[in-house]
Amino acid sequence: MGTQNFKIAAVIVSLLVLLIIVPYCNSFVVLLATRAMVFAILAMSLDILLGFTGLASLGQAAYFGVGAYLTAILANNYGFGLKWDFWLMVPIGLVVGGALAAFFGLFAIRATGTYFLMITLALGQCVWGLAYRWNSMTGGDNGITMKGGRPHFGIDLSSDINFFYLTFGFFAATLLALYILVRSPFGKSLLGIRERELRMRILGYNVWLHKYVAFIIAGAFGGLSGVLWAHANGIVTPETVVLTTSVDALLMTVLGGAGTLVGGAIGSAIVFGLREYVSTLVPWWQYVLGGVYVLTILYLPTGLMGIPGRISQWRNSQKKRETTKVASAPS
Amino acid sequence: MGTQFWVVQAFNGVSYGALLFLVGAGLSLIFGVMRIVNLSHGSYFLLGGYVALSVIGTTGSWLLSLPIATLTIAVVGLIMERLFLRPEGRAKLVRDALIALGIALVIRLMIGPILPQLLPGQIGNIIQVALVVIAFAIPIFLLLQRISAVAIEADVLRQVLMTVGFAFLFQQAALDIWGGNNFDIQPPSALTQSLVIGGTYLPLYRLFMIVGALVIGIVLWLAMEKTRMGASVRATVDDAQMARGVGIDTNKISMLIFALGAGMAALGGVIGGAFLGVYPGLDFEMLPIAFAVVIIGGMGSLGGAAIGALLVGLADNFGKALFPELAYFTLYAPMVLILAIKPTGLFGRD
């Protein structure tokens, strides 16, 4: 329990450091941190599936995109969500993301492994296809520019700093909510499904329902991140729902460490940091991104969060080797 | 919308399907033989088009560009498979050395913009660059030797992320070599004419695509069904472990199939370059369509890939003509339904 408390304290301290330091940085860093936190919410929602249930989804961008497009369409066409009613947009984003996942889950949940990847890819492409071609609704290739700007309810969110605080609030709340979820009995049974699905089934758990509920929760938080993204980015394009967005979210989770929640946030910070920072320095920044993908997969199977564990494992094996040497020496 | 509309659309759909067969068949066989979900398959398509452009630019021969692009990308695929997807023995050392050199080069090039004061004078001196790179690469290489790399064979998620990483690397390489412009591949004038049948214009080039894909499909099918090699491939698709057990060199088979698949995708890129064009981003546009072909047909089946390609080609064309706003939806929704109802595809086996 000691290490667990230590970890919680470390996360809280890092969050506080983030909250205190970022506002003193220049506007580039503030916006970068805001976007990274929005993607961190998406990556953490994916981690519920990937890290805690063992389902690798290639379509998490669908919920992100639906949340973002819905926010943009409601704001531009009906002026909805730009004043105090922004606070209604938050549950709407959660519900719509969750509802879409509830529909998609009917098709996807039965599949496992490669087939789950493929069906979530296909579902994500369905949403992308609509975003890309349904011109009258989504503006097609050009997307939708948020004409009304960011919400204004006493606090003016068009200031990047204020929007940073808001996004930070949602990021911290999501982290807390998902942490409570994975620590709950429901979260424990998800872990059981990840480890041994058959055993859970024999024990009498409704595996399908557990996976389905996890899928819906992941979709709901995906929708929430989409609502924030529309305002963070100011424009919603098919880029939001494209396959590479889903893949990016997967990489962020794996890079940070799947099954750790905060891993997704760390991965998001690194990917955004690399992409935005390196691209200002050199034109060939994509080599770095591609390299991070390949290196993570080859050398960091447990992600950055798993490095301490791997080191201590390595030390133990070294120790064991030494003790066996000593034991076999007299003969 | 008379009969002519339907005839033209069906013809376009079938010829697009012929192109998709070239891309999908390789992807399907690679999955069947190696159980690898390869997300850099779209990159082979794009790179094939680019290589062909260079060949046409230097020699002026379109016909020559077909085999050269196919072979070049087949070799690229082969190297990727040998060093990164299924490295064995010494290949692992080569891979680690390559990675170390790559990281060192990136570090050296990043020092330039970040800390220029560390590199007094002669920034472009090639010997200095080489020395710095080697100095960085050696400790990185030794470090990589200590961290044992994880095999990606058993884990589909790792395959996906690794091959996507390669797709990004290829995309950047293509951008650096060929720039960001849109190109078109001009086929020889003999193929740019049209046949007129009953008042309907049928472009000869699309006819050529259909015939070409048919010929390749039949040759592949004969090779798979009638030769010893083909029998080994089919055995490996069905049960790789058993195939190894009876003395089939599955290692060689997977090399062969990976090169073949990459080469066919590149050939598709050359042929498709005439009407799709060649441009950055085409790789990730083609990739999910290729997966739709493979999924609908069933992974690992040549006949399935043919049927899948035909269906996707027709669905894409009629979707765009009849329901322009739902065009891609009409393509991917059937993919979802087939996966939900019969996950192994129309012709796949478990």
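Two residues are taken to be in contact if their C-beta atoms, placed from the backbone, lie within 7 Å. In chain B, residues 24 or more positions apart account for 75% of the contacts with a separation of 6 or more.

The model is predicted: local features need pLDDT of at least 70, side-chain atom pairs count only at pLDDT 80 or more, and totals for chains, interfaces and linings use all residues. Residues are numbered from 1 along each chain as its sequence is written, while chains are lettered from A and ligands numbered from 1 in the order in which they are written.

The secondary structure of chain B comprises 13 helices and two strands. Both are DSSP runs numbered from the N terminus (helices: H or I, at least four residues; strands: E, at least two). The radius of gyration of chain B is 22 Å, close to the 20 Å given by the globule rule for 350 residues, so chain B is as compact as a globular protein of that length. This radius is taken over C-alpha atoms, and the rule is 2.2 Å times the number of residues to the power 0.38. The C-alpha trace of chain B spans about 75 × 50 × 40 Å along its principal axes. Of its 350 residues, 45% count as buried. Burial is judged by other C-beta atoms within 10 Å of a residue's own, these atoms being placed from the backbone (buried, 20 or more; exposed, 12 or fewer; partly exposed, in between).

The interface was examined next. Here 44 residues of chain A are in contact with 44 residues of chain B. On the chain A side, two or more residues each come from α5 (113-133), α6 (135-138), α11 and α13 (285-299). The largest share, 16 residues, comes from α5(A). By class, the chain A side has 33 nonpolar, 10 polar and one charged residues. Ala, Val, Leu, Ile, Met, Phe, Trp, Tyr, Cys and Pro count as nonpolar; Asp, Glu, Lys and Arg count as charged; the others, Gly among them, count as polar.

B:Asp283 counts as buried, with 24 C-beta neighbours inside 10 Å. Leaving aside residues up to four places away in sequence, B:Asp283 touches B:Gly42, B:Ser43, B:Phe45, B:Leu46, B:Ala167 and B:Gln171. Its C-alpha atom is separated by 25 Å from that of B:Gln9, 274 residues apart along the chain.

Backbone angles complete the description. Most residues other than glycine have a negative phi. A:Leu261, not a glycine, has a positive phi of about 60 degrees. A:Leu261 is placed in the loop between α11 (243-256) and α12 (262-281) of chain A. With 26 C-beta neighbours inside 10 Å, A:Leu261 counts as buried. B:Arg35, also not a glycine, has a positive phi of about 55 degrees. B:Arg35 lies in the loop between α1 (3-34) and α2 (41-59) of chain B. B:Arg35 is partly exposed, with 17 other C-beta atoms within 10 Å.
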